[in-house]
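I wanted to get to know one protein model by looking things up, a few at a time.

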Amino acid sequence: MAAWLGLLACDTDFRSGAAGPLPPDMIIDRRRVQKALPGYALGAELGSGAFGLVLAGKHRRLGRPVAIKVMQAEGPEGRSLDFAAEARVLAGFDHPHVVKAYDYVEAEGLCLVVMELLAGGTLSRRRAGMTPQAGCAVGLAVAAALEHAHSFGVLHRDIKGDNILFTADGIAKVTDFGIAKLLEGSGATASSRSGTPMYMAPEQIDGGRLGPATDLYALGVVMYQLLTGAPPFDPRQSVSRLWRQHLTDPPPPMIDVPAPLAAVVLRALAKKSADRQPDARTFALELAAAAATVYGPGWAGIPLRLDADIRSTANLMPAPIRPPSGMASRHRSSPAVGRTRFRPRWVVAVALAALAATSTLVALRSNNGSSPTSSGTFNTPTPTPAPGPAAVAVGPLSRPAGVAVGGDGSVYIADIEEHRVWKVDRAGRMSTLAGTGTAGFSGDGGPANRAQVNWVAALAVGADSSVYMVDSNLDLDESRIRKIDGAGRISTIAGNGRAVDLGESGSSGDGGPALDSPLSGVGALAVGADGVVYLADEASNRIRRVDRAGLISTFAGAGTSPSPSRFFGDGGPATRAQLDCGNACGVAVGADGSVYIADEGNNRIRKVDQAGRISTIAGNGSLGFAGDGGLAIQAQMMYPLQVAVGPDSSVYILDDANDVRKVDPSGRITLFAGNGTGGFSGDGGPATRAQMNQPSAIAVGSDGSVYIADEGNKRIRKIDPAGRINTIAR
């Protein structure tokens, strides 16, 4: 709860008239707050300060926990205007490292901002146990947030540890834009000394012109303290002496801090703004390059949502795309098994190309196509299993985040950074199936290879060889499901190009045409033998279904908040069960039409039978890696991300520890691929001894071969029926 004190407590802030605790005449009656916000249930007080307080709350209909910032509308002159301005500033932002504002209300003599609840504490409180790597990651997160704010012409002017908060899943977010200032022309002028003395740039102190470099100075102070354990100047001295040091004294040397990192921080602390990094992106690129030089690949210790160029410079695994609302990033660790890994929550990119029972799909194909009989079944000849590509396809694979296999053995690859879907035929030839290489949305009704796509992360192949994709626009936080038919023409089958609004239910559109439904945070999809498409709607903890008539409905998941009870419903209707998609929910369809769900947050694989009843088939709900060789329902799971089903009904589970595990038809679980450590090795040998680097998708061919999108290694790897692993595309 103390995490929110920094939003209102002004004992260390130098703001005109702001000092001390909440005055007696500003005690706020909770009944007035409740009357102003009838749609919210009020909780405990999280903090109070000179101009108001912060309450916990919950949206009554959505069950979403929130923080409610409250201030008297008739408070000190100008403060209510500042408060309203803060709400407007936040409302204009949409960035994973900036706190979200859900609502602003003026009623009952109060000004209220409803924001997301950040339960992970402030940087000030977490700093003591933070590694230098995690500190650098925080610096990148804050720089990304500042770049976003600066692009709107907004300076924060009070970056400090108390204004950097964390979600429960460890995502750093910048808060408290209460003294933010809009840039005018070439820069704003510090008309009053606003900020916190320990972090104030020289131009804030002496009334100079402010700009992006002003916020970077404060970020430099934050980074200096994170890397050395102390601020550059002692905050216990008088404010006048502290300011004099900011104006004239160079920061002390950063002893024991690697030179590349120290150089970045000390540049940000230059007395003249012109000598600092010119903008937040430059700061981020310099910090990313320095951290990569010092720490090597994969160094970050907290979840990050960074642009591709910064992540590439930092030598980090490209972050799977959002969610949405933040598909919740968590830092994964399990001391018991000695495996550590994180995957950001907006893991739309880890979306499984859940073609699921490929053999069944192939079995439904004939030369002229198949049609259902009056009983709803299909009459088709028995196929011959088709092996995958015979040679390694060498192409410009940048970020292969999704994979699917067709009935003819062709492999389809979703390449997020290239904004394309690649096809690798059985001869190993790579060609563009969809996308032009430029992000956008266009081309429906025409050839897919002339259409624009945004971030395609999940693929599936239908019985008629149509290819389905999740095409997400991160800027608008919306997803579409698009289909490429056998003639190569592309169309949209679900999603109206609009994100789900904050006030809407995650099941918005149910019962109507899928094309009219808003979609956000779709992370995976699968196609059944009957042509029904299943979507993992990770933002709402649901699996949704688009039938052959084009109507959308909820198939599994009650859509309730994953707290306090994240797991229930086994033995009952799937639509009443609780799923916890956490970072991802994988989905696949079995030969008999059963649907399998990787319930990542609950560490379980769940199955929905043809009667619509849900049960657990793997995982006992505890985090770990124990249980191989025994019954799958008694085994531990390491955050199962994706799931696929083989021609013999074996279930393959891609987890968050660089591993694939297999549940055979008898219900026993074994390690199938990966040795649990990140890296690249093992091609030509047993898959169980190979290294993978954050694999993001899995698919099974009709001959039983398993295909893995080894995203961190920029490869597609194949495990043949004999258990040997090789690269087939890179």
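**Entry 1: before starting**

I reminded myself that this is a predicted model. I also noted how helix pairs get described: two packed helices are given by the angle between their axes and the distance between the axes.

**Entry 2: helix α4 by itself**

I started with α4, which covers residues 132-151. I checked its length: at 1.5 Å a residue, its 20 residues should span 28 Å, and the end C-alpha atoms are 29 Å apart, which agrees. Is α4 mostly covered or mostly open? I found it mostly covered, with 16 of its 20 residues buried. Just after α4 I came across Gly153, which takes a positive phi of about 75 degrees.

**Entry 3: α4 against α9**

Next I looked at α4 together with helix α9, residues 280-295. Their axes come within 8 Å and cross at roughly 160 degrees. Angles over 145 degrees count as roughly antiparallel, so α4 and α9 are roughly antiparallel to each other. I wrote down the handedness of the α4 and α9 crossing as left-handed.

Which residues make this contact? On the α4 side I listed Pro132, Gln133, Cys136, Gly139, Leu140, Ala143, Leu146, Glu147 and His150. On the α9 side I listed Ala280, Arg281, Phe283, Ala284, Leu287, Ala288, Ala291 and Tyr295. Sorted by class, the contact of α4 with α9 has twelve nonpolar, three polar and two charged residues.

**Entry 4: α9 again, now with α8**

I stayed with α9 and turned to helix α8, residues 259-268. The axes of α8 and α9 come within 8 Å and cross at roughly 160 degrees. The antiparallel label needs an angle over 145 degrees, and α8 and α9 are therefore roughly antiparallel to each other. α8 passes α9 in a left-handed crossing.

From α8, I noted Pro260, Leu261, Val264, Arg267 and Ala268 in the contact. They meet Thr282, Phe283, Glu286, Leu287, Ala290, Ala291, Val294 and Tyr295 in α9. I sorted the contact of α8 with α9 as well, and got ten nonpolar, one polar and two charged residues.

**Entry 5: α6, which packs on α8**

Then I followed α8 to helix α6, residues 212-228. What angle do α6 and α8 make? They pack at about 145 degrees, with their axes 7 Å apart. The crossing of α6 past α8 is left-handed. The contact uses Leu216, Tyr217, Gly220, Met223, Tyr224 and Leu227 of α6. From α8 it uses Leu261, Val265, Leu266 and Ala268. In the contact of α6 with α8 I noted nine nonpolar residues, one polar and no charged.

α6 is mostly covered, as 15 of its 17 residues are buried. Just after α6 sits Gly229, with a positive phi of about 95 degrees.

Ser465 has a positive phi of about 75 degrees although it is not a glycine. I placed Ser465 in the loop between β19 (455-461) and β20 (467-473). Its relative accessibility is 23%, so Ser465 counts as partly exposed.

Lys714 has a positive phi of about 55 degrees, and it is not a glycine either. Its place is in the loop between β36 (706-710) and β37 (715-719). Lys714 counts as partly exposed, at 41% relative accessibility.

How many Å apart are Gly301 and Cys136, C-alpha to C-alpha? I got 9.0 Å, although they are 165 residues apart in sequence. Gly301 is in the loop between α9 and α10 (308-313). Gly301 is partly exposed, with a relative accessible area of 23%.

Is Gln642 buried or exposed? At 0% relative accessibility, it counts as buried. Gln642 and Val587 are 55 residues apart in sequence, and their C-alpha atoms are 6.8 Å apart in space.

Key: Residues are numbered from 1 along each chain as its sequence is written. This is a predicted model: local features need pLDDT of at least 70, side-chain atom pairs count only at pLDDT 80 or more; totals for chains, interfaces and linings use all residues. Side-chain values use heavy atoms; hydrogens and water are left out. Axes are lines fitted to C-alpha atoms, for helices over the stretch in contact, and angles run from 0 to 180 degrees between N-to-C directions. Helices (H or I, at least four residues) and strands (E, at least two) are DSSP runs, numbered from the N terminus. Angles under 35 degrees count as roughly parallel, over 145 as roughly antiparallel, 65 to 115 as roughly perpendicular and the rest as oblique. A crossing is left-handed if the near helix is turned anticlockwise from the far one by less than a right angle, and right-handed if clockwise. Contact means heavy atoms within 4.5 Å. Ala, Val, Leu, Ile, Met, Phe, Trp, Tyr, Cys and Pro count as nonpolar, Asp, Glu, Lys and Arg as charged, and the others, Gly among them, as polar. The expected span of a helix is 1.5 Å times one less than its number of residues. Buried means under 20% relative accessible area, exposed over 50%, partly exposed in between (1.4 Å probe, protein chains only).
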